[in-house]
Amino acid sequence: MPESLKTRSRMDAIQAPIVAVVGDWIRQTPGTISLGQGVVHYGPPREALVAVQEALADPVTHEYNDGAGVPPLVDAIAGKLRAENGIDVARGSRVMVTAGANMAFVHAVFAVTEPGDEIILPVPFYFNHEMAIEMAGCKAVRVPTDERYQLRLDAIARAITPRTRAIVTVSPNNPSGAVFGEPSLRALSGLCRERGLYHFADEVYEYFTYDGVRHFSPASIPGAETYTVSMYSLSKAYGFAGWRLGYVAYPEHLGDAMIKSQDTILVCATVASQVAALAALEVGRAYSAPYVRELAEVRGIVRRELSSLAPLVTVPPADGGFYVLLRVNGDYGSRGRLTDMAIAERLVRDHKVAVVPGTAFGMTDGIYFRVAYGALQKATVAEGIGRLVEGLRAIL
Ligand SMILES: Cc1ncc(COP(=O)(O)O)c(C=O)c1O
């Protein structure tokens, strides 16, 4: 490398993707059960695979296509948004198919900000959101949630400055599993309207709720479609993570900006993936329903086992997603005796179980770990949780 080559970049200040760090520990410790990665254990519907196979012979599959998405898929998404989310795109929204919800978020940040602007992230946040905001030269303003990881409207309102452009909600939440209730999301949406801010609503876990708890889409509030960007993904609901397929419903007036970002970064979502996605959406929500029921049972095991760690550990309610974010009680962190990273590393190396440290999600006021239970069969999760319980008892 030439000595004069400048190697500093905007990326130096961005946190390293934590999944890769934990992945390294796991690779070095064979036999580890990973409760780390936020993925599901099932793959796409058979219909999606058949549709792709058939599409391979069609030259259109191999060409550039419309940046918004292939028209039949965009229509199917509009139908789904109307039927399931109460979002009528004819009222002034547009749909765009993206390479996953992560990309939809990047586009949305570019579309509404100038460098130096601020976006409010309730903590805990999804780390790729913070990373995207910072990569765009903006500031992620962290605002605490309450002890159940629910939104604190007062704290959010106080964090708004003249540079604030958007407030992000992730419900059901990664990493906490909290589901924000309709009243809370309505209040937040009202705050955005009053203060002239966009509401970025990440709804990728919309199908993953338990105990009768309901998901609510803020863009269904009349008028909210003019300032709400709603993001969805097939990664979890349809076991599609590797196909990179998500979509976004956004206010019409952001059309030019969203298309510029899409055209530069992606041109269009992979056409074969879009063909698969259309077939998956035709199967519909029913595809994930049995898996969600199974996850509900796994969730029961996880919560029961972890509750045996009380009072050492608190497990706040988690009515959605496939996560719990447990809190270690005591002052391990503040005394500097143990960090969450150090404990997580020891859990892998000495107890062969992987979880993700809370600092990756902005939880810096103590020690937290995210436990993800979507990727494994019931028996493996039970074994993994057993190791986690034993490991935490031994380490703490
Ligand atoms: C809250 C949240 N948003 C977005 C994503 C990314 O979804 P996609 O695979 O569609 O990019 C994830 C994945 O873990 C997530 O947890």
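This note comments on the fold, surface and salt bridges of a predicted model.

1. Basis. The model is predicted: local features need pLDDT of at least 70, side-chain atom pairs count only at pLDDT 80 or more, and totals for chains, interfaces and linings use all residues. Residues are numbered from 1 along each chain as its sequence is written, and side-chain values use heavy atoms, with hydrogens and water left out.

2. Overall fold. The protein has 12 helices and 13 strands, taken as DSSP runs (helices H or I, at least four residues; strands E, at least two) numbered from the N terminus. Its radius of gyration is 21 Å, close to the 21 Å of the globule rule for 396 residues, so the protein is as compact as a globular protein of that length; the radius is taken over C-alpha atoms, and the rule is 2.2 Å times the number of residues to the power 0.38.

3. Burial. Of the 396 residues, 56% are buried (buried is under 20% relative accessible area, exposed over 50%, partly exposed in between; 1.4 Å probe, protein chains only).

4. Salt bridges. The structure holds 14 salt bridges, each a side-chain nitrogen of Lys or Arg within 4 Å of a carboxyl oxygen of Asp or Glu. One of them joins R142 and E130 (2.8 Å, N to O), linking strand β4 to helix α5. E130 counts as buried at 5% relative accessibility, whereas R142 is partly exposed at 38%.

5. R299. The side chain of R299 meets D211 (3.3 Å, N to O) and D319 (3.4 Å, N to O). R299 counts as buried at 7% relative accessibility, while D211 is exposed at 66% and D319 is partly exposed at 24%.
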